[in-house]
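Let's take a walk through this structure together, one stop at a time.

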Amino acid sequence: MGLYQELKDRGLIAQTTNEEEISTLIDRGEAKFYIGFDCTADSLTAGHFMALTLMKRLQMGGNKPVALIGGGTTMIGDPSGRTDMRKMLTREDIEHNAECFKRQMEKFIEFGDDKAIMVNNADWLLNLNYVELLREVGACFSVNNMLRAECYKQRMEKGLSFLEFNYMIMQSYDFYYLSEHYGCNLQFGGDDQWSNMLGGTELIRKKTGRDANAMTITLLTDSQGKKMGKTAGNAVWLDPNKTSPYDFFQYWRNVDDSDVIKCMKLLTFLSLDEIAQYEKLEGSEINKAKEVLAFELTKMVHGEEEATKALEAARAVFAAGGVSGDMPTTTLTDADFTDGKILVSDMLVRAGLAPSKGEAKRIISGGGVLVNDVKAEGFTASVDASQFGGDGVIVKKGKKTFHRFVKE
């Protein structure tokens with residue numbers, strides 16, 4: 001079986017401009033492809049995970065990845081899938097985020113001579129002369145076609161700014177520039193990027209007469225169609241300082257039964273034959289597949305040692321009375337207490353188990369929080385400072401999220 005067919009069998013491919021040409025390039029190891037990553041935060045997320053693993057799969061097949069850091073396009077902000085305009089970041093923030101992205105990507109992709117390269121579109125986009133750009137590429141874009149693009153539809157309802165309207169032109173120019181200077185013949189991206197990617201293939205055709213191809217990959221969604229990679233209102237980060245290896249493990253360990261095999265196919269490097277064996281599991285046996293999924297993904301992001309620790313910690317927590325030293329832990333100080341007490345809602349926010357105090361109170365009022373196996377009652381539920389001795393205080397949110405609190 002060729003690599004392209006394996007990508008199809010795993011459910012990775014959503015749309016292609018020319019399937020025959022793309023499959024030939026990939027199977028022969030002749031694709032020089034790029035995927036763009038806008039620097040909107042100081043860490044990549046679980047939402048980027050599938051793009052990173054796809055790059056690795058293709059590199060293993062002899063193809064050449066170009067990781068594009070969006071230092072320039074982040075200055076504008078991608079309107080795709082948005083109902084509001086993205087927060088404007090400073091150049092300093094964007095440059096910092098770009099450096100963080102680079103360090104994380106190096107865990108997945110092998111960079112070096114004749115392997116993979118990393119480029120930043122700030123190097124060419126920020127030096128463009130506006131009038132010259134209009135003359136060079138403006139005539140290649142139809143405003144009528146742009147307004148029909150899927151990536152603008154949601155923003156059109158509340159008002160699409162002219163700033164965001166330029167995003168398609170910038171992303172298209174990236175493909176044109178990479179084609180001219182780096183020999184890129186293929187662009188990959190999420191399925192919500194299809195309109196922007198077609199803009200790039202069309203710009204290359206009009207400017208050079210050459211064909212270029214694009215392929216979108218399936219968005220990582222759960223069985224309800226919601227994007228995966230968020231928990232308690234927050235993103236699941238690849239940075240261990242933002243999402244601990246244990247919490248990262250637990251996120252994948254707790255996916256819905258109906259999503260576990262799909263995630264195995266899309267994200268892990270387990271063979272399809274091995275995954276087919278896990279697909280036969282039923283009932284509580286599915287938990288075995290969930291552990292394998294969580295372990296494999298945590299190993300890729302944080303290393304085998306951290307994955308093993310997370311696995312052992314999760315098993316200890318779920319054992320009767322188990323308390324593990326590797327359980328996520330938050331250290332409280334005297335400043336966190338008022339009159340020798342701390343509100344449970346404040347503890348949830350402090351540990352990132354809830355995005356806001358209002359949401360924490362909602363979770364508590366729904367009966368979803370246990371403190372040392374006792375249900376927290378009411379908005380004013382609190383814990384005395386004297387309770388934080390020994391192993392500390394264990395808070396359980398929902399059925400599967402455990403967090404330990406200790407006091408200095």
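Helix α10, which covers residues 167-182, packs against helix α11, residues 194-208, at an angle of about 50°, and their axes are 8 Å apart. That angle makes α10 oblique to α11, and α10 passes α11 in a right-handed crossing. Keep in mind as you look that this is a predicted model.

If you show the side chains, you can pick out who makes this contact. From α10 come Tyr167, Met168, Gln171, Ser172, Tyr173, Phe175, Tyr176, Ser179 and Glu180, and from α11 come Ser195, Asn196, Met197, Gly199, Gly200, Thr201, Leu203, Ile204, Lys207 and Thr208. Sorted by class, the residues where α10 meets α11 are eight nonpolar, nine polar and two charged.

The axes of helix α13 (residues 260-267) and helix α15 (residues 286-302) come within 10 Å and cross at roughly 30°. Angles under 35 degrees count as roughly parallel, and α13 and α15 are therefore roughly parallel to each other. Their crossing is left-handed.

Here α13 contributes Val260, Cys263, Met264 and Leu267, which meet Ile286, Ala289, Lys290, Val292, Leu293, Leu297 and Met300 of α15. The contact of α13 with α15 has ten nonpolar residues, no polar ones and one charged.

How many aromatic pairs does a search of the whole structure find? The search finds eight. In one of them, the ring centres of Trp124 and Tyr177 are 4.2 Å apart and the planes lie at 15°, so this pair is stacked. Trp124 belongs to helix α5 (residues 122-125) and Tyr177 to helix α10, so the pair ties together parts that are 53 residues apart in sequence. Is Trp124 buried or exposed? With a relative accessible area of 6%, Trp124 is buried.

A second ring pair has another geometry to look at. Tyr251 and Trp252 have ring centres 4.9 Å apart and planes at 85°, so they form an edge-to-face pair. Both Tyr251 and Trp252 are buried. Tyr251 and Trp252 also belong to a cluster, linked by ring pairs, that includes Phe49, Phe108 and Phe248.

Let's finish in the loops. Asp114 sits in the loop between α4 (91-105) and β4 (117-120), and its phi is near 60°, a positive value in a residue other than glycine. Asp114 is exposed, with a relative accessible area of 68%. Asp339 lies in the loop between β9 (329-332) and β10 (341-343). Phi of Asp339 is near 55°, again a positive value in a residue other than glycine, and Asp339 is exposed, with a relative accessible area of 75%.

The last stop brings us back to the end of α10. Gly183 is found in the loop between α10 and β5 (186-190) and is partly exposed, with a relative accessible area of 42%. Leaving aside residues up to four places away in sequence, Gly183 touches Lys32 and Leu178. Its C-alpha atom is separated by 9.7 Å from that of Ala31, a residue 152 positions away along the chain.

Terms used:
Residues numbered from 1 in each chain as written. Predicted model: local features only at pLDDT ≥ 70, side-chain atom pairs only at ≥ 80, totals over all residues. Heavy atoms only, no water. Axes fitted to C-alpha atoms, helices over the stretch in contact; angles between N-to-C directions. Helix = DSSP H or I, 4+ residues; strand = E, 2+ residues; numbered from the N terminus. Parallel < 35°, antiparallel > 145°, perpendicular 65-115°, else oblique. Left-handed = near helix turned anticlockwise from the far one by under 90°. Contact = heavy atoms within 4.5 Å. Nonpolar A, V, L, I, M, F, W, Y, C, P; charged D, E, K, R; others polar. Phe/Tyr/Trp six-rings, centres within 6.5 Å; stacked < 30°, edge-to-face > 60°. Buried < 20%, exposed > 50% of the residue type's maximum accessible area, 1.4 Å probe, protein only.
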